[in-house]
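Me: I have a model open and would like to talk it through before I set anything up. Could you go over it with me?

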Amino acid sequence: MNVSAYQSKVYGAQPCWELVADIYATELNSVAVDYKTVNRSIREMSSAFRLAIYKSAHGFVQIVTPVDYAIVLLGKTERVGVHHCGIYYGGKVLHALSSGTVYEDMSSIQDAFEIVEFWAKP
C-alpha cells in the first residue's frame with residue numbers, strides 16, 4: 001500500500017470513515033463500512049461504529065494482535081467510547097483527521113487514545 005498516496009488525499013465530512021472505506025475499496029476490492037450514514041457528532045459516530053463493525057454484516061471480528069489492513073477503532077475515554085478509526089499497516093496506524101491524514105506509530109496512538117481495538121476479517 002502506498003501510504004503517501006492516502007496522505008495526499010483530502011477526505012470529506014467523515015474523514016476517518018472515508019479513509020477506511022477508500023483503502024478497503026482500493027487495496028482489497030472489498031467493502032468495510034458505509035461511511036455516508038455517519039454524521040459528525042461523537043455520539044452518532046460511536047453508534048455507527050458499533051453498528052458497522054461490532055454487528056457487521058461484513059464479517060469483522062475483534063483481534064488482539066493487529067495485522068495489516070485491520071480496522072483500528074479508537075476512543076479518547078471509556079465514557080466517550082469509540083469515535084475514530086484508521087487502518088493498521090506496517091506496524092503503524094493510518095488515520096484521517098479534518099486537518100489531514102497521518103501515519104503514526106502505535107506508541108503515539110496509545111498515548112492519544114485510551115481505547116484501541118483491532119478488527120479484521122478472519
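This is a predicted model: local features need pLDDT of at least 70, side-chain atom pairs count only at pLDDT 80 or more; totals for chains, interfaces and linings use all residues.

Me: How many disulfides does the structure hold, then?
Reply: The structure holds 0 disulfides. A disulfide would need the two sulfur atoms within 2.5 Å, and because the sulfur of cysteine 85 is 3.8 Å from that of cysteine 16, its closest cysteine sulfur, the pair is too far apart for a bond.

Me: Are those two cysteines buried or exposed?
Reply: Cysteine 16 counts as buried at 4% relative accessibility, and cysteine 85 is buried as well, with a relative accessible area of 0%.

Me: Let's step back to the overall fold. Which elements are there, and in what order?
Reply: The chain has 4 helices and 6 strands, and, read from the N terminus, they follow the order α-α-α-β-β-β-β-β-α-β.

Me: And how much of the chain is buried?
Reply: Of its 122 residues, 45% count as buried. The accessible surface of the chain is about 6,400 Å², and carbon and sulfur atoms account for 50% of that area. As for contacts between residues at least 6 apart in sequence, 57% of them join residues at least 24 apart.

Me: Which residues touch the most other members in the largest nonpolar core?
Reply: That core has 21 residues, and the ones touching the most other members are Leu19, Ile23, Tyr24, Ile71, Cys85 and Ile87. Two or more residues each come from α1 (3–7), α2 (15–27), β2 (71–75), β3 (84–89), β4 (92–97) and β6 (115–120), and the largest share, 6 residues, is given by α2.

Me: What lies apart from it?
Reply: There is another core, of 10 residues, and Ala70, Val72, Val93 and Ala120 are among them. As a general remark, nonpolar side chains in soluble globular proteins tend to be buried together.

Me: Changing topic to charges: how many salt bridges does the count come to?
Reply: The count comes to 1 salt bridge, formed by aspartate 22 and lysine 9, whose closest N and O atoms are 2.8 Å apart. Aspartate 22 lies in helix α2 while lysine 9 is in the loop between α1 and α2, so the pair ties together parts that are 13 residues apart in sequence.

Me: How accessible are the two partners?
Reply: Aspartate 22 counts as buried, at 16% relative accessibility, whereas lysine 9, at 36%, counts as partly exposed.

Me: What about glutamate 117: where is it, and what does its side chain contact?
Reply: Glutamate 117 sits in strand β6, where it is buried with a relative accessible area of 14%. Its side chain makes a polar contact of 3.0 Å with the side chain of tryptophan 119.

Me: Which residues does tyrosine 89 touch?
Reply: Leaving aside residues up to four places away in sequence, tyrosine 89 touches Met1, Val3, Asp68, Tyr69 and Tyr103. A polar atom of the tyrosine 89 side chain lies 2.8 Å from the backbone nitrogen of methionine 1. Tyrosine 89 belongs to strand β3 and is buried, with a relative accessible area of 18%.

Me: Tyr69 is on that list; what is its phi?
Reply: Phi of tyrosine 69 is near 75°, which is a positive value in a residue other than glycine. For context, most residues other than glycine have a negative phi. Tyrosine 69 is located in the loop between β1 (61–63) and β2, and at 17% relative accessibility it counts as buried.

Me: Last one: how far apart are alanine 13 and serine 98?
Reply: They are 85 residues apart in sequence, and in space their C-alpha atoms are 7.7 Å apart. Alanine 13 is part of the loop between α1 and α2, and it counts as partly exposed at 41% relative accessibility.

Methods
Residues are numbered from 1 along each chain as its sequence is written. Side-chain values use heavy atoms; hydrogens and water are left out. A nonpolar core is a set of buried Ala, Val, Leu, Ile, Met, Phe, Trp, Tyr and Cys residues joined through side-chain atoms within 4.5 Å. Buried means under 20% relative accessible area, exposed over 50%, partly exposed in between (1.4 Å probe, protein chains only). A polar contact is a pair of N or O atoms within 3.5 Å; within protein, one must be able to donate a hydrogen and the other to accept it, and residues adjacent in sequence count only if both atoms are side-chain atoms. A salt bridge is a side-chain nitrogen of Lys or Arg within 4 Å of a carboxyl oxygen of Asp or Glu. Contact means heavy atoms within 4.5 Å. Accessible areas come from the Shrake-Rupley method with a 1.4 Å probe; for residues, only the protein chains shown count as cover.
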